[in-house]
Amino acid sequence: MICYEHPLNERIRTLLRLEDLFNKIDFFSNRDSATEHHASLIALFEILEITSRADIKSDLLQELERQKQILEMLRKNPNVSETALNEVLDSIKITFREMLDLPGKVGEHLRENEWLMAIKQRIGIPGGCCAFDLPFYHYWLNLDPTHRHKDFNDWLAPFQPVRNAFGIVLYLLRKSGRTSRVVANHGVFQLTGSEYAAHMLRLTMSDDLPCVPEISANKYALNIRFTPSQSGQRSKAYEGDVSFEITFCNL
């Protein structure tokens, strides 16, 4: 099975992008080659771009507080495990305090690093990070991998409260879903009205099906169009019926 997640507002879109970029950094920074560490640095700079355009800290603090209040109201629900509820609430309270203690804007410690900013300035230019452009960066890439691992740990450590915060939000979002099995006749599925209102959609389907979903939604309708997965055929709809699970996730 393969799962496609589609955010339906800008806030969730930003959190999913951050999650994806941090996962890439974890993967590449834990390797040893200079090429993999270069890929990790590119992802780190993309995170800086995202956090510079939005007040991530304020948004996450507000959402954690809102989720804490919602979960507190579940204490009287006999169908909710008190142990599991307390674990989530404790995580929220700890992360909320850590977020409050974060100085300045998210990623500010990197923006104040002249060495990193010099690389960031060149990395957006095609081929702009060659050895003759940035000899000091070329030197760093040729150091022992343990040195570069330490640098990545130092750069990533201040982000941990943010990672914990959006991890909790996305966890609660994914757990909130209500799932239905539906069929897209001739590759097309549509819904109208308020029944599909959600913050994120999750589509789960067999990875044997040679098609991918294209999702568009507004406050009036949800449209899912499946297109062939082969290159060069995206303009036409998949001609077969597609059975899949759709989950509507709400915070």
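Glu-49 and Lys-120 are joined by a salt bridge in which the closest N and O atoms are 2.5 Å apart; the term denotes a side-chain nitrogen of Lys or Arg within 4 Å of a carboxyl oxygen of Asp or Glu. Because Glu-49 belongs to helix 2 (residues 34–53) and Lys-120 to helix 6 (residues 114–123), the pair ties together parts that are 71 residues apart in sequence. Helices here are DSSP runs (H or I, at least four residues), numbered from the N terminus. Glu-49 is partly exposed at a relative accessible area of 35%, and Lys-120 is partly exposed at 23%.

The model is predicted: local features need pLDDT of at least 70 and side-chain atom pairs count only at pLDDT 80 or more, while totals for chains, interfaces and linings use all residues. Residues are numbered from 1 along each chain as its sequence is written, and side-chain values use heavy atoms, with hydrogens and water left out.

In the whole structure, 16 salt bridges are found. Among them, two lie within helix 1 (residues 10–29). Arg-13 pairs with Glu-10, with 2.8 Å between the closest N and O atoms; these residues are three apart in the helix and so separated by about one helical turn. Arg-13 is partly exposed at 26% relative accessibility, as is Glu-10 at 47%. Lys-24 meets Asp-20 at 3.2 Å, N to O, and this pair, four residues apart, is likewise separated by about one helical turn. Relative accessibility is 38% for Lys-24, which counts as partly exposed, and 37% for Asp-20, also partly exposed. An α-helix has 3.6 residues a turn, so residues three or four places apart point the same way.

Helix 4 (residues 82–100) has 19 residues, which at 1.5 Å a residue should span 27 Å; its end C-alpha atoms are 27 Å apart, in agreement. The expected span is 1.5 Å times one less than the number of residues. The buried residues of helix 4 are Leu-85, Val-88, Leu-89, Ile-92, Thr-95 and Met-99. They cover an arc of only 130° around the axis, which puts them on the same side of helix 4; the arc is that of the directions from the helix axis to the C-beta atoms. The cover over these buried residues includes helix 3 (56–72) and helix 9 (160–175), contact being heavy atoms within 4.5 Å.

Terms used. Buried < 20%, exposed > 50% of the residue type's maximum accessible area, 1.4 Å probe, protein only.
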